[in-house]
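Reader: Please take me through one part of this model in close detail. Then set out what else can be said of its chains.

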Amino acid sequence: MKLVRDVLDKKLIDREHCDMSRVSGLVMRVGERSQPHISHILIGGPTLWTRVHPALGRLSTRLAQLWGPKRKDLVRIPWSRVMTVGKDIKLDVKARDIGALDWEIWIAQHIIERIPGGGNKEEE
Amino acid sequence: MKKILQITLGIITSVGGFLEIGSVTTAAQAGASFGYQLLWAILLGTICLIFLVEMSGRLAAVSKHTIVDATRERFGFPFYAIVMLGMVLVAFMVLVAELGGIGLSLQILSGLGFPWWAIPVSFVVWLLMWKGTFGLIENGASLLGLVTISFVVAAVKMHPDWGSAGHGLLPTMPGDQKAKYGFIAVSILGASISPYLMYFYSSGAIEDKWDESYIPMNRIIAGFGMTFGGLLSMAVLVAAALAFQPRGIDIDKFEQAALLMTSALPKWGFYFFAFSMLFACLGAALEVSLAIAYFFAQGFGWNWSEDLEPSKDARFSFAYTIIIFLAAIPLLFGVDPIKVTLMSMALTAATLPLAIVPFLFLMNDPIYLGEHRNGWVSNSVVAIIILISFVLSVISIPLQIIGG
Amino acid sequence: MDINVELLLGTKVRDVDGTGVGRIEEFHVQRDESSCRVDAYLIGASAVIERLSAWTLVRPIKKLLHSRKLLTVYEVPWQDMDLSDPLHPKLRTAKHDLRHVK
Amino acid sequence: MRLKRFLVVETRMRAKLFFAVPLVFSTVCKPPTPAEQMDSVISWLATAGMAGDAWLRHTTPDKYTRQTLELSHDTLLQISDDLLKSRPPGTDTASLDSVLTRSRGRIAQMARLVEAKNSPAFLSQLDSLRVDEKLVKQFSDSIKSKQ
């Protein structure tokens, strides 16, 4: 398997077949003499924009502090949760619980549901 | 039977998607200023578009990826961000132009200036997106768009000289006004080969759950739909050549273009034009705003579907809500939609390589397309389109300065 | 030490003597039950082709050009890569000892 | 553990961001030549004539016709100002000015007649406008031949 071609930027799907963003970054753990391995999948704006330019990454972090859902650190998913890597990457997690949908829920609650006809996120 | 219905609907959609303020304005300008001489530009643009649209549909049907999905996955986020910046900027200008086109149609019908229509029009467009489903938007708007067939009726009724029209299908150099000729040619190509149509089409294939069995159908829809669309554009050009060129009228304003069919169809020509533009621009405005929202949602991996209730795909709905109301602002200040149209056509041409070059890679990807990837014919066509797109992107901005 | 793969991508690599080798463009990984181990790094311009899965497009052009040098790609096993300074990755071997792929 | 961030930018791609710069230049336009200005004048005179024809056949709304005539009038005023300021060589500017002023007056009059729904008077203005248009075409031909 090739990491950049087959994993990076792929779409993540949770246990309940919910889209939960794309792979923004990957953490590789390197030891002194042991074989390096991929420990975490990263998602979220700061990781993403840092890839374009570090300044954009810092800007993204700052904006998230001013506005939007309050969560202190990056969303990191341990690699052990990966079920399959195919067209998409299926994860054995619940998107809502690990914080991947923080922005989705925040926008739904603060904006969309306040507009008539927007519906309700919670009703299923 | 069901397939025939789907094919018919698909063709109607493509026809509806083809004609919008950009293609009508540029075709009318071309006819008014240069007679049949620029017909070749519409022909060339249509052929390119047939191939590109067929490929977009095939990519989606086989790989279940839209173009945006595939661009982000293969080329990574930094490159995707650049493509996004270019495409969203251009698509936003096109959206301003289409909303302006609706406003101008209402202005000539009612007498109330288009800036007054900016807010009501964007509100209606937004409401259709908010409440409507993909099928309603795709089929409803394009069925209304069938009124644009009146352009063909008008063109035929004016008894064009078919021989010299045929000559126009081959490129020639004009005697004078070379810069203007070049500028209009580039604008026509920019209006025809519009990437947002590719993004919209491939997202539509995913929304309609296409699979490999749709490949032949996709071919028919792309081929016939775009051909009919191109014919409509050519009809506008021919009608303009007959109505405006002998009188020495150049099309600078929408009010002038409104006279296109008044001599061919005396009784209803004016109203046919106004309603054709109204519905064509409405359809295009819906498609462009969807295309922009798809661009963000697919690129960032949000859940997206026009068929969901807004709160089920909050970020997607939020994206088009913001975009549509931002697009109303320039119109509120009375920015001339025709100027925006011409500028966005030139910018489309300038950013074309950004959309087409990655596409060549995607269409040859064995992982995405397997045995359905491009053969040498399609690849040669894409290579030619890339060549054209680089020429266009280099000359479009200088031509805008000299000829615009 | 933790390193961000997405930022390592495109970093220039030097060999043990300080000679430039190319940029890291792709990673060979091995997946099993619960882990994902990095076997090798692909370095050089044509590793980009690998990443874009564009060989079907490039191979005819390569044949046409009869060129080997133009499309270099080195496969470096994980043991030979020193990532103690992620900004300046270094090889533990010399450039001429590297294995060419394809 | 806090992730160590470091600066690796794909600089090869950054250069492309500059494609937006030419946009600024696109707003600069060179001024039109007298011949081009004469073409615009004829275009707008003909527009007024065509809109007038359509209105006489009762095929266009009054408001649209009035607005289009007013638009023609205002645009013509602007072009003639620029045109006469640049003093096209070898032209009798005084008589050109008088033709242009007269036809603008007719178009303004037509716009008023639309409001009054006075078709006979409108028709006579339209016919005179056509005569003026022919005069302007002669001026245009002479300017073009001298270029």
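Author: In chain A, strand E6 (residues 82-85) and strand E7 (residues 89-91) run antiparallel, joined by 3 bridges. Strands pair when DSSP finds at least two bridges between them. Val82(A) faces Leu91(A) in E7(A) across the pair. A hairpin of 3 residues connects E6(A) to E7(A). In a regular strand, side chains alternate between the two faces of the sheet.

This is a predicted model: local features need pLDDT of at least 70, side-chain atom pairs count only at pLDDT 80 or more, and totals for chains, interfaces and linings use all residues. Residues are numbered from 1 along each chain as its sequence is written, while chains are lettered from A and ligands numbered from 1 in the order in which they are written.

Now chain B. It has 17 helices and 0 strands. Both are DSSP runs, numbered from the N terminus: helices are H or I, at least four residues; strands are E, at least two. Of the 404 residues in chain B, 65% are buried, with 20 or more other C-beta atoms, placed from the backbone, within 10 Å of their own.

Next, the cores. A nonpolar core joins buried Ala, Val, Leu, Ile, Met, Phe, Trp, Tyr and Cys residues through C-beta atoms within 7 Å. The largest has 198 residues, and Leu99(B), Leu237(B), Ala239(B) and Ala240(B) have the most contacts inside it. Helix H13 (residues 269-300) of chain B gives the most to this core, 22 residues. A second, separate core of 46 residues includes Ile24(C) and Leu91(C).

Key. Buried ≥ 20, exposed ≤ 12 C-beta atoms within 10 Å, placed from the backbone.
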